[in-house]
Amino acid sequence: MPSRDYNLLGPDAQNAVTNGLVTENWYKTPIPRQQIKALMRRSDQPALRDTAILFTLMIGFAVGAIAVGQSWWALPLWLAYGVFYGSAMDSRWHECGHGTAFKTRWMNQTLYQIACFCLIRDPHCWKFSHARHHSDTIIVGRDPEIAIMRPPNIPALLVIFFGIFDFFNGFKRMFTHAAGNILPEEAAYVPENYHPAIFRIARIWSLIYLLTLIVAFVLQSWVPVLLIGLPRMYGCWHIVLCGLLQHGGLADNVTDHRLNSRTVYMNPISRFIYWNMNYHIEHHMFPLVPYFRLPELHRALAHDLPSPSHSIFAAYKEMLPAVMRQIKNPEYQINRPLPATANPYQKHTSQTKAKN
Amino acid sequence: MTNWIDACSSDDIEAEDVVRFDHERRTFAIYRNHENQYFCSDGLCTHEEVHLADGFVMESTIECPKHSSIFDFRTGVVETPPACENLKIYATKVENGRVFIEV
């Protein structure tokens with residue numbers, strides 16, 4: 001049984017190139033230029049509205065939690081604040097990283113920087129990391145953002161719901177950068193001319209986190225760290241809940257996003273927090289379409305995509321048995337039928353043109 | 001020596017749009033900006049070999065369809081990562097409703 005090496009510097013990285021998996025030749029549903037042009041159109045209004053709602057809610061929950069003090073009533077308020085900090089900021093990071101949330105570039109940049117800080121993700125490193133995820137989606141040894149590796153490590157998957165790994169990994173990276181160093185894996189995809197900016201950001205953030213700790217110590221209060229830093233752990237469960245569904249249990253090492261990505265219908269609250277990334281096949285096929293037009297894109301592509309999962313629960317019902325089977329058989333994957341109107345799945349051949 | 005190539009009709013490109021033009025095993029992107037001026041650049045993004053003609057034109061910029069790198073197609077200058085290299089651009093002129101590029 002062939003094993004998988006997810007290390008970006010490992011043998012599977014080279015195997016992917018040799019096997020022609022590192023290619024621009026990914027399947028795309030044909031769509032008229034006029035239609036996709038209209039779908040890519042930008043606007044500030046939806047993201048301004050959503051951002052105003054988001055920050056109003058965050059401030060409201062935080063003020064409420066502080067006001068009720070050490071009562072048990074503070075717990076749900078802190079948990080709600082945490083979800084917006086630790087989960088909604090993740091989708092803002094993602095959408096603004098693509099530059100599609102707002103029409104105005106500085107607005108994208110501003111929200112992106114705030115979200116990066118909340119998630120302890122360097123804005124430059126993660127820009128390149130996510131670019132690689134889009135180039136080589138779920139290609140073993142190439143994609144740095146594969147959430148469920150094979151064979152799956154179930155205890156580790158449970159731990160990520162509490163953000164422990166991401167929290168400490170974020171700080172480890174931040175301190176490494178603040179000391180003027182880049183991790184070897186990051187060096188594989190981040191150009192050197194970005195290194196000074198990475199170091200500068202890490203030093204500023206280190207200072208902010210240090211000040212937060214000092215204030216907490218001086219005030220003898222948990223409030224500063226419940227506001228800044230810790231929500232990255234106690235509020236990330238929602239993004240993990242949604243995020244694992246993006247590719248979990250589906251194919252790896254293919255060049256058709258219909259095989260390795262999943263679209264899930266979700267309730268309006270989850271869609272607000274997740275900023276419509278539940279339309280994940282559509283997002284990967286056409287990443288320039290802003291989040292607020294993804295439902296329209298979904299309707300335009302529906303004839304060519306596998307049926308979406310009809311709820312988060314339904315998606316887990318499909319994914320979890322497959323993930324459990326992958327423990328013993330890492331080759332196992334979910335195969336979803338296409339509608340009769342769809343083009344067949346793109347079968348990967350090693351003749352596709354490889355890039356470096 | 002100047003070599004002007006007849007690439008397309010000026011009506012083939014809408015305002016704020018781009019078309020692909022292939023010539024002698026090379027690929028180009030021909031743009032019409034919001035002020036109805038025409039420009040031409042290499043057809044592939046400098047980050048990865050993605051056709052810019054599938055991207056999004058806003059005023060005088062082209063956004064790569066894969067990773068959202070933005071280039072000013074009047075100058076070729078890259079404005080946002082992950083692309084780090086500028087685009088090569090080519091002189092363009094419109095005569096009798098045809099767009100010519102100098103290659």
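Arg4(A) and Asp252(A) are both buried, where buried means under 20% relative accessible area, exposed over 50% and partly exposed in between (1.4 Å probe, protein chains only). The model is predicted, so to speak of local features pLDDT must be at least 70 and side-chain atom pairs count only at pLDDT 80 or more, while totals for chains, interfaces and linings use all residues. Residues are numbered from 1 along each chain as its sequence is written, chains are lettered from A and ligands numbered from 1 in the order in which they are written, and side-chain values use heavy atoms, with hydrogens and water left out.

## Salt bridges

A salt bridge here is a side-chain nitrogen of Lys or Arg within 4 Å of a carboxyl oxygen of Asp or Glu. Over all chains, the count by this rule is 20. Arg4(A) and Asp252(A) form one of them, with 2.6 Å between the closest N and O atoms. Arg4(A) belongs to the segment before helix H1 (11–18) of chain A, and Asp252(A) to the loop between helix H13 (237–243) and helix H14 (257–260), 248 residues apart. Helices (H or I, at least four residues) and strands (E, at least two) are DSSP runs, numbered from the N terminus.

Here are three further pairs:

| Residue pair | N to O distance |
|---|---|
| Lys37(A) and Glu14(B) | 2.8 Å |
| Asp136(A) and Arg142(A) | 3.0 Å |
| Asp252(A) and Arg150(A) | 3.7 Å |

Why does the pair of Asp252(A) and Arg150(A) tie together parts that are 102 residues apart in sequence? Asp252(A) lies in the loop between H13 and H14 of chain A, and Arg150(A) in the loop between helix H6 (123–135) and helix H7 (154–159). Asp252(A) is buried, with a relative accessible area of 8%, and Arg150(A) is buried at 5%. A network of salt bridges links Arg4(A), Arg150(A), Asp252(A) and Glu331(A). Asp136(A) and Arg142(A) are both buried too.

## Helix H8 of chain A

Helix H8 (residues 164–178) of chain A has 15 residues and spans 21 Å from first to last C-alpha, close to the 21 Å expected at 1.5 Å a residue; the expected span is 1.5 Å times one less than the number of residues. Among the buried residues of H8(A) are Phe167(A), Phe171(A), Arg173(A) and Met174(A). The buried residues pack against H6, helix H9 (184–187), helix H10 (195–219) and helix H12 (231–234) of chain A. After H8(A) comes Gly180(A), with a positive phi near 85 degrees.

## The sheet of chain B

In chain B, four strands make an open antiparallel sheet in the order E2-E3-E4-E8. Its edge strands, E2 (17–23) and E8 (89–90), each pair on one side only; pairing requires that DSSP finds at least two bridges between two strands. Seven bridges join E2(B) to the antiparallel strand E3 (residues 26–32), and Asp17(B) stands opposite Arg32(B) in E3(B).

## Where the chains meet

Contact (heavy atoms within 4.5 Å) involves 27 residues of chain B and 24 residues of chain A. The buried area is about 2100 Å², with 49% from carbon and sulfur atoms. Glu49(B), Phe56(B) and Lys66(B) supply 27% of the area that chain B buries against chain A, more than any other three residues. Buried area is the accessible area (1.4 Å probe) that two parts lose on being put together, summed over both.

Five salt bridges cross this interface. E2, strand E5 (56–58) and strand E6 (61–63) of chain B each supply at least two residues of the side that touches chain A.
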